[in-house]
Amino acid sequence: MKQITLAIYEIMCHESDEDHPISRHKILELLEKRYNLEITRQTLKKHFDLLAEHGIEVEYDSIKKAYYLNSREFEKSEIYLLCNAVYSSHFIPESDSKKLIKKLLDTQSKYVSQNFNNNVYVKNERKSLNKQFFYNVETLLEAIQNKKAVSFLYMKYNHQKQLVPRRKERYLIHPYHIIYANENFYLICRNDHYDNLSHYRIDRMQDIQITDIVLKKLGKDFDPYEYAKTKIFMYGGDEEMISLLCDDVIFDDIIDRFGRDVMIQKAGHDHFQVYLKSSRQGILYFALQYAAHCQIMTPASLRNEMIQILQNTLEKYQSKR
């Protein structure tokens with residue numbers, strides 16, 4: 001009985017949806033062809049009732065005189081969103097992306113899967129060459145759970161577009177949190193020789209090995225995403241209070257980047273001032289991107305550093321090279 005009900009559920013899951021209901025005759029035909037199971041037309045209703053008892057609803061389309069599955073773990077819009085997010089995520093290798101997308105699409109009818117592959121699925125040239133991403137995540141989670149330090153090789157691209165180690169020596173760190181920031185997954189950790197926190201891109205790690213070294217303790221009140229907020233574009237370095245004078249045209253961008261709890265004061269008709277805590281390099285990079293609409297006000301040393309960068313850049317553009 002259970003075997004038949006499960007087989008019917010699989011048929012309804014993959015062969016039907018609201019736009020493509022399936023007839024009673026077709027259900028019985030597929031049941032016999034795929035699973036070598038036979039039931040009567042009257043018995044089919046009992047299996048639908050059993051599915052309904054477990055929260056799986058099969059609806060009847062009276063116009064087409066056919067049935068379709070009306071309850072799924074994910075809505076079609078959710079699946080499209082998740083599949084696009086997976087494939088646009090450059091840190092997930094292409095082969096792993098395809099496997100994960102297939103798992104997501106298997107929760108839908110074959111028609112949804114075909115539509116996604118035909119109309120949405122495009123090649124992402126930014127995909128990482130590091131095929132160890134999911135293995136890295138699993139290994140790091142195991143190390144965090146068991147409170148053990150890890151060692152690894154940290155990679156970079158050479159001019160031949162190949163991933164190569166940044167240095168010969170292995171990195172040794174104490175892992176604490178995995179977070180998503182700046183379109184990448186990062187490991188927040190502590191170096192074995194220093195007390196300051198640091199972070200590494202997980203897709204750039206290779207050959208992660210869990211050691212026997214016991215993890216250094218981290219404060220219970222530590223918030224990994226508060227940490228990430230102070231590391232603009234995930235640049236490292238000490239944090240300090242910084243103020244920016246911005247044009248109103250980038251107000252939305254400021255909120256998107258720094259969050260709604262950032263301190264903002266009106267500064268004239270079409271300007272506002274932002275006060276935040278961040279690393280110097282991250283703010284310099286941000287201010288360069290928005291140079292036409294944003295200027296660093298304090299601290300003075302950071303403002304002067306920005307002026308020097310702009311002067312050097314202008315000289316490069318004015319040179320004949």
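Analyst: This is a predicted model. Four strands make up an open sheet, in the order β10-β11-β9-β12, with antiparallel pairing.

User: Which strands stand at the edges?
Analyst: β10 (263-266) and β12 (294-298) do. Each has a single partner strand, so one side of each is left without a neighbour in the sheet.

User: And what does the twist average from one strand to the next?
Analyst: It averages 30°.

User: Back to β10. How many bridges does it make with β11?
Analyst: Four, in the antiparallel sense; β11 covers residues 271-279. Lys-266 stands opposite Phe-272 in β11, and the bridge partner of Gln-265 is Gln-273.

User: What sits between those two strands in the hairpin?
Analyst: Four residues separate β10 from β11 there, and Gly-268 takes a positive phi near 100° in this hairpin.

User: OK, helices. Which strands does α10 lie across?
Analyst: Helix α10 (residues 280-289) lies across β9 (239-247), β11 and β12. Its direction runs at about 145° to β11.

User: Which strands does α11 touch?
Analyst: Helix α11, residues 300-318, packs on the sheet and touches β9 and β12. The angle between the directions of α11 and β12 is about 145°.

User: Now the peptide bonds. Is Thr-298 to Pro-299 cis or trans?
Analyst: The bond from Thr-298 to Pro-299 is cis, and its omega is near 0°. Pro-299 is found in the loop between β12 and α11.

User: Then what is the phi of Lys-65?
Analyst: Lys-65 is not a glycine, yet its phi is positive, at about 55°. Lys-65 is in the loop between β1 (58-61) and β2 (66-69).

User: Buried or exposed, that Lys-65?
Analyst: Exposed: the relative accessibility of Lys-65 is 61%, and the cut-off for exposed is over 50%.

User: And Lys-147, where is that one found?
Analyst: Lys-147 is in the loop between α7 (133-146) and β3 (148-157). Lys-147 has a positive phi of about 55° and is not a glycine.

User: Does Lys-147 count as buried or exposed?
Analyst: Lys-147 counts as exposed because its relative accessibility is 52%, against that cut-off of over 50%.

Terms used:
Residues are numbered from 1 along each chain as its sequence is written. This is a predicted model: local features need pLDDT of at least 70, side-chain atom pairs count only at pLDDT 80 or more; totals for chains, interfaces and linings use all residues. Side-chain values use heavy atoms; hydrogens and water are left out. Two strands pair if DSSP finds at least two bridges between them. Axes are lines fitted to C-alpha atoms, for helices over the stretch in contact, and angles run from 0 to 180 degrees between N-to-C directions. Contact means heavy atoms within 4.5 Å. Buried means under 20% relative accessible area, exposed over 50%, partly exposed in between (1.4 Å probe, protein chains only).
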